[in-house]
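The following note collects points for a colleague who is reviewing the model. The points are numbered, and each may be read on its own.

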Amino acid sequence: ANVYDYQSPRLFLLDTLSELQSTEPEYSVRRWSKDMGMKSHSLLVMLLQGKRSLRVQHCDFLSKGLNLTSQEESYFQTLIQFDNAKSIEDKKLYSGFLHDMHPGDGFNSKEVSEFIAISDWRSMAILAMTDLKGFKGSEEEIYLQFGKTVSIHKIRSILGHLFDLGLLIRDDQGVLKPTYNRVTTKDDVSNKGAKEYHKQVLDLAKDAITEQGLEEREFQSFTMAVAEDKAVSYT
């Protein structure tokens, strides 16, 4: 995860943890907190859950676990201040700081959320789950629907991105509901996202061949001959 791609510092934390766990599945929040030099992992858990607000003083230990450079740490601190700002004036102030500190085109990014919504099959699966009868959409419920194969932290991250894009909301009873909004992205984001999505779906299909029983799956294929001079029109 690249801190310069984020508007939400909490989503940056969640996505960084997801990346660590994708390369080392046994990597835990407890171990991450030790790598940060924390005496207890309880504060980190609450920060990830959103039960405690991120504060600038938290950067003293978070930057160690995030492997941030000094410039990235300054940016992350300002991002926290932007996230905590209550007034429009303060939002504009910190947004200006972030724009000046950004090494690229400036602070203007929901592209990470857009990419994840398009590219990650689990985003689409969670949106589809909202059609299930009796589905309320708690993190634990989604975890069970995924057969306990997707971590709670990853689920929390995906939900955060879907909320950020306005694709999901929780109603007055806390039930997860789709908004049926559409996401308009730059062509490079949508193209990369679509390619990644199809790669993931193909990987799922390959795994299903060996992992699912015949009663749960059905695969068919056919082969056809195409004249060489017609091949382009058939492709």
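**Notes on the predicted model**

1. The side chains of K154 and D120 form a salt bridge, with an N to O distance of 3.9 Å. This pair joins distant parts of the chain, since K154 belongs to helix α10 while D120 sits in the loop between α7 and α8, 34 residues apart. Both K154 and D120 are buried. The model is a predicted one, and the contact should be read as a feature of that prediction.

2. D120 has a further partner: its side chain also meets that of R122 in a salt bridge, at 2.9 Å from N to O. Why does D120 count as buried? Its relative accessible area is 6%, and a residue is called buried because that value is under 20%.

3. Which residues are closest to the centre of the largest pocket? The pocket has a volume of about 850 Å³. Of the 30 residues that line the largest pocket, those closest to its centre are D120, W121, R122, V150 and K154. The elements that contribute two or more residues to the lining are α1 (9-23), α7 (111-119), α8 (121-129) and α11. By class, the lining comprises 12 nonpolar, nine polar and nine charged residues.

4. The structure holds five salt bridges. One of them joins the side chains of E24 and R31, at 2.4 Å from N to O. E24 counts as partly exposed, at 33% relative accessibility, and R31 is likewise partly exposed, with a relative accessible area of 35%.

5. Two residues other than glycine deserve a check of backbone geometry. In general, most residues other than glycine have a negative phi. N67 has a positive phi, near 55 degrees, and is found in the loop between α4 (59-66) and α5 (70-84). N67 is exposed because its relative accessible area is 65%. K148 also has a positive phi, near 60 degrees, and lies in the loop between α9 (139-145) and α10 (152-164). K148 counts as exposed, at 55% relative accessibility.

6. The loop between α11 (187-211) and α12 (231-234) includes V226. A nonpolar surface patch of about 340 Å² is made by F222, M224 and V226. V226 counts as partly exposed, with 35% relative accessibility. F219 is found in the loop between α11 and α12 as well, and is partly exposed at 43% relative accessibility. F219 and A205 are 14 residues apart in sequence, and their C-alpha atoms are 9.2 Å apart in space.

7. As to the overall fold, the secondary structure comes to 12 helices and two strands. From the N terminus on, the elements run α-α-α-α-α-α-α-α-α-α-β-β-α-α. The C-alpha atoms fill a box of roughly 65 × 40 × 40 Å, taken along the principal axes. Of the 235 residues, 37% count as buried.

Terms used: Residues are numbered from 1 along each chain as its sequence is written. This is a predicted model: local features need pLDDT of at least 70, side-chain atom pairs count only at pLDDT 80 or more; totals for chains, interfaces and linings use all residues. Side-chain values use heavy atoms; hydrogens and water are left out. Patches are made of residues with over 30% relative accessible area and no salt bridge: like charges are joined within 9 Å, nonpolar side chains (Val, Leu, Ile, Met, Phe, Trp, Tyr) within 5 Å. Accessible areas come from the Shrake-Rupley method with a 1.4 Å probe; for residues, only the protein chains shown count as cover. A salt bridge is a side-chain nitrogen of Lys or Arg within 4 Å of a carboxyl oxygen of Asp or Glu. Helices (H or I, at least four residues) and strands (E, at least two) are DSSP runs, numbered from the N terminus. Buried means under 20% relative accessible area, exposed over 50%, partly exposed in between (1.4 Å probe, protein chains only). On a 1 Å grid over the protein atoms alone, a cavity is a set of points where a 1.4 Å probe fits but cannot get out, and a pocket is an open set with protein on both sides within 12 Å along at least five of seven lines; lining residues have an atom within 4 Å of a point. Grid points are joined across faces, edges and corners, and a volume is the space filled by probe spheres set on the points. Ala, Val, Leu, Ile, Met, Phe, Trp, Tyr, Cys and Pro count as nonpolar, Asp, Glu, Lys and Arg as charged, and the others, Gly among them, as polar.
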